[in-house]
Amino acid sequence: MAVFPERLAASLAGRQRDGLYRRRVTLESPQGPVVRLAGRQYLNFCSNDYLGLAAHPQVVEALRRAALEYGVGSGASHLVCGHSAPHRELEEALADFTGRPRALLFSSGYMANTGVLGSLLRPGDHVFEDRLNHASLLDGGLHSGARFQRFAHNDLRALGGKLQRAGGPRLVAVDGVFSMDGDTAPLAELAALCREQDAWLMVDDAHGFGVLGERGAGSTEAAGLDSADVPVLMATLGKALGTAGAFVAGSTALIEALVQYARNYIYTTALPPAIAAASLESLRLMREEPWRRAHLARLIERFRRAAVELGLPLMASASAIQPLLVGDARRAVALSEQLKRRGVLLGAIRPPTVPAGTSRLRLTLSAAHTESQVDQLLEHLSVCWADC
Ligand SMILES: *Cc1c(COP(=O)(O)O)cnc(C)c1O
């Protein structure tokens, strides 16, 4: 049967024709404000290494030491014999830091989100998600077996109506910081609505954890919310903490239920223990070096102030994610290619990741950037915007 080869060829050709074809670039250097690819240096404005910890010498050293002590592979899933002392220590530190009784490590954020929704929800329950939630939350809701509804972005009235019309157990899941727009969910209002409607609130804080809040504990800290307001908190370790994996924090019952029932916790190999040890060191640096967050906040302000003066189409984001709305997918790609020729790396985000007609350049700032690097970015942007 030739159906699969033909189908693949046709769909790939279609993507190419629509300017939606995705390609990977191959880095030849560590993550950082300047990276090398194909032998050339680029200013890097597309990583999620918000605090500049992905290649921090102390984090690398923690990984090296743990590898000497524990080896590389964890060897098994957590429930068989892959759970080791560094995993346990990191879980305890994360629970303590987030002010929750327990925390549970997952091998990735994608798995954490689909794992939580898949094991918490039952047929007949309702799950409500913001339309702009991360794909892993949406997929988790969609495949949970519960009745799944999306609501308009940050629209509390729409959500309130849906909650009122639904009976039975209800879960609301949102991103703390939306990954393609950089804006934040109105968490305090959402928590109040969920309390009033007796629904559970789950927050995916992949882009807020380490960046927002007085201590860097994320969107929920910034909104002044505790574990009663947000019973299910998820965040990733691969972004601000610069390592890999994710965690869910909450009550003992929630965490024990995940250990019993979350299939993508149970049936997968545990993260390497050295990654857990490196994450613990990142967490320590994040807590003890608040200057990283403060410097990042200053860079964000500097970028936005200058972008307004240049007339660049900023979106309503106060986070490290700063998209510039382009609209047309081909123009977004042309802009990003021109910037790349000038030595600047940033993302061109197109459908299906974002709605049609809202293609954008997505740039991310990091505490590892200098003011002068941000100024160079702005200069290149202003030239390319005029040309392209
Ligand atoms: C990156 C991301 C995830 C997935 O985390 P991984 O550890 O990369 O799988 C989940 N949610 C959001 C909002 C993200 O940005």
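Reader: Which residues lie nearest the centre of the largest pocket, and how many line it?
Author: The largest pocket has 33 lining residues, and R23, L346, G347, A348 and R350 lie nearest its centre. On a 1 Å grid over the protein atoms alone, a pocket is an open set of points with protein on both sides within 12 Å along at least five of seven lines, and lining residues have an atom within 4 Å of a point. This is a predicted model, in which local features need pLDDT of at least 70 and side-chain atom pairs pLDDT 80 or more, whereas totals for chains, interfaces and linings use all residues. Residues are numbered from 1 along each chain as its sequence is written, and side-chain values use heavy atoms, without hydrogens and water.

Reader: Which element gives the most to that lining?
Author: Helix α14 does, with four residues. The elements giving two or more residues are α14 (329–341) and β12 (347–349); helices (H or I, at least four residues) and strands (E, at least two) are DSSP runs numbered from the N terminus.

Reader: What is the volume of the largest pocket?
Author: About 1300 Å³, taken as the space filled by probe spheres set on grid points joined across faces, edges and corners.

Reader: Turning to the ligand, which residues come nearest?
Author: G109, Y110, D204, H207 and K239, out of 13 residues around the ligand; a residue counts as near if one of its heavy atoms lies within 4 Å. Helix α5 (residues 109–120) gives the most to this shell, with three residues.

Reader: How much of the ligand does the protein bury?
Author: The protein buries 82% of the 380 Å² that the ligand exposes when taken alone, by the Shrake-Rupley method with a 1.4 Å probe.

Reader: And the overall fold: how many helices and strands are there?
Author: The chain has 15 helices and 13 strands. Its radius of gyration, over C-alpha atoms, is 21 Å, close to the 21 Å that the globule rule gives for 388 residues, so the chain is as compact as a globular protein of that length. That rule is 2.2 Å times the number of residues to the power 0.38.

Conventions: On a 1 Å grid over the protein atoms alone, a cavity is a set of points where a 1.4 Å probe fits but cannot get out, and a pocket is an open set with protein on both sides within 12 Å along at least five of seven lines; lining residues have an atom within 4 Å of a point.
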